[in-house]
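Welcome! Please take a look at the model below, and then we will walk through it topic by topic.

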Amino acid sequence: MFRRVLLLSALLGLALGARYHLGTPITEELAAQYDLRPVVLPDGRGLPPGEGRVEEGERIYAEKCASCHGARGEGYPFNRLVSEPFPITPDTEPVEYAIGNYWQYATTLYDYIRRAMPFGAEGTLTDEEVYHLVAFLLYMNGITEADTPINQKTLPQVRMPARELLQLDPETKRRFPWLTLP
């Protein structure tokens with residue numbers, strides 16, 4: 001009896017696998033859609049050529065980002081992007097997390113925007129548009145000046161206020177053990 005059930009299960013699995021093309025090799029074109037390279041590392045490796053300015057970033061933000069993140073990055077209906085540039089503490093509420101107080105590397109901001117924004121049209125921004133948006137968002141968070149160009153050389157040099165969050169807690173030997181992600 002057990003062998004019959006096992007055999008029947010195996011045959012059923014093979015039949016369903018064939019129906020849903022399980023085990024079918026993936027095409028090169030489909031694999032390319034999911035290729036995450038080149039990633040942008042904290043030291044700037046992987047950043048493409050280009051340059052961004054605050055003024056142009058403000059225009060692009062109003063056109064492609066404000067409907068989800070608020071006119072000035074205040075965060076409605078989706079996440080807040082702009083805050084005072086203070087590192088978060090155990091008393092900071094998760095709704096207050098933003099670029100200025102939570103992100104440890106400016107290069108990660110570039111990489112995230114390039115891959116995941118704008119919502120529903122991910123990957124449609126050009127490298128230049130992403131640089132402009134990063135310049136605008138860093139300026140809005142009080143991290144850079146309005147006339148600071150953002151490019152391959154300057155972006156890795158931006159010191160984010162939340163970089164200290166990467167330090168280990170001396171008591172628990174863990175990174176920010178009090179932090180609860182939203």
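How many helices and strands are there in the chain? There are seven helices and two strands, taken as DSSP runs numbered from the N terminus (H or I, at least four residues, for helices; E, at least two, for strands). This is a predicted model, where local features need pLDDT of at least 70, side-chain atom pairs count only at pLDDT 80 or more, and totals for chains, interfaces and linings use all residues. Residues are numbered from 1 along each chain as its sequence is written, and side-chain values use heavy atoms, leaving out hydrogens and water.

**Overall layout**
- Starting at the N terminus, the elements follow the order α-α-β-α-α-α-α-α-β.
- The chain has 182 residues, and 33% of them count as buried (under 20% relative accessible area; exposed is over 50%, partly exposed in between; 1.4 Å probe, protein chains only).
- Take the contacts (heavy atoms within 4.5 Å) between residues at least 6 apart in sequence: 57% join residues at least 24 apart.

**Aromatic pairs**
- Rings of Phe, Tyr and Trp (its six-membered ring) pair if their centres lie within 6.5 Å; planes under 30 degrees apart are stacked, over 60 edge-to-face, and the rest tilted.
- By this rule, the count is five aromatic pairs.
- One of them is the tilted pair of Tyr61 and Phe136, with 5.3 Å centre to centre and 45° between the planes.
- Tyr61 sits in helix H3 (residues 54-64) and Phe136 in helix H7 (residues 127-140), 75 residues apart, so this pair links distant parts of the chain.
- Both Tyr61 and Phe136 are buried.
- Trp103 and Tyr112 form an edge-to-face pair because their planes lie at 65°, with ring centres 5.8 Å apart.
- Tyr112 is partly exposed, with a relative accessible area of 40%.
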